[in-house]
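Colleague: Hello! I am new to this one, so could you walk me through it, starting from the outside?

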Amino acid sequence: MNGGPNQGTVDVYTAVHFGAGYAAGEIGVDWRAALAGAIAWEAIEDAIKVAAPDVFAAPPPDSQVNALVDVAAFLFGYVVSIRSEIAT
């Protein structure tokens with residue numbers, strides 16, 4: 001973790017994105033819809049932070065690298081979830 005919330009490559013919210021991806025896999029969301037949702041969230045997140053900063057614990061906008069890592073963490077969580085279902 002470096003650079004503080006939303007600015008470093010990895011921050012405390014990276015785990016939240018992983019968990020969201022894991023949950024999406026657990027409930028059976030199609031991978032294309034899950035990935036589209038993760039990308040859409042990153043695309044609108046900063047605008048929501050500007051419009052309603054009090055809703056967020058860390059309202060600074062995401063760096064581009066952080067947004068990419070958040071999507072990757074989401075996708076990784078999704079893959080871990082569906083792999084665990086295949087293994088059982």
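Modeller: Gladly, and please keep in mind that this is a predicted model. The protein chain exposes about 5,300 Å². Carbon and sulfur atoms supply 71% of that area.

Colleague: Which elements does the protein chain have, and in what order do they run from the N terminus on?

Modeller: There are 3 helices and 0 strands in the protein chain. Read from the N terminus on, the order of the elements is α-α-α.

Colleague: What is the radius of gyration of the protein chain, and what does the globule rule give for 88 residues?

Modeller: For 88 residues the globule rule gives 12 Å, and the model comes close to that, so the protein chain is as compact as a globular protein of that length. Along the principal axes, its C-alpha atoms fill a box of roughly 40 × 25 × 20 Å. The radius of gyration itself is 13 Å.

Colleague: Which residues make up the largest nonpolar core?

Modeller: In soluble globular proteins, nonpolar side chains tend to be buried together. Of the 88 residues here, 30% count as buried. The largest nonpolar core has 5 residues, and they are Ala 24, Ala 34, Ala 38, Phe 74 and Tyr 78. The elements giving two or more residues to this core are α2 (31-51) and α3 (64-87).

Colleague: Leaving aside neighbours within four places in sequence, which residues is Ala 34 in contact with?

Modeller: Ala 34 belongs to that largest core. Beyond its neighbours within four places in sequence, its contacts are Ala 24, Val 29, Phe 74 and Tyr 78.

Colleague: Is His 17 buried or exposed?

Modeller: His 17 lies in helix α1, residues 12-26. Setting aside neighbours within four places in sequence, His 17 is in contact with Trp 41, Glu 42, Asp 70, Ala 73 and Phe 74. Buried means under 20% relative accessible area. His 17 has 13%, so this residue is buried.

Colleague: And Phe 76, is it buried or exposed?

Modeller: Phe 76 is found in helix α3. Together with Tyr 22 and Val 80, Phe 76 makes a nonpolar surface patch of about 260 Å². The cut-off for exposed is over 50% relative accessible area. Phe 76 reaches 51%, so the residue counts as exposed.

How values were computed. Residues are numbered from 1 along each chain as its sequence is written. This is a predicted model: local features need pLDDT of at least 70, side-chain atom pairs count only at pLDDT 80 or more; totals for chains, interfaces and linings use all residues. Side-chain values use heavy atoms; hydrogens and water are left out. A nonpolar core is a set of buried Ala, Val, Leu, Ile, Met, Phe, Trp, Tyr and Cys residues joined through side-chain atoms within 4.5 Å. Buried means under 20% relative accessible area, exposed over 50%, partly exposed in between (1.4 Å probe, protein chains only). Helices (H or I, at least four residues) and strands (E, at least two) are DSSP runs, numbered from the N terminus. Contact means heavy atoms within 4.5 Å. Patches are made of residues with over 30% relative accessible area and no salt bridge: like charges are joined within 9 Å, nonpolar side chains (Val, Leu, Ile, Met, Phe, Trp, Tyr) within 5 Å. Accessible areas come from the Shrake-Rupley method with a 1.4 Å probe; for residues, only the protein chains shown count as cover. A salt bridge is a side-chain nitrogen of Lys or Arg within 4 Å of a carboxyl oxygen of Asp or Glu. The radius of gyration is taken over C-alpha atoms; the globule rule is 2.2 Å times the number of residues to the power 0.38.
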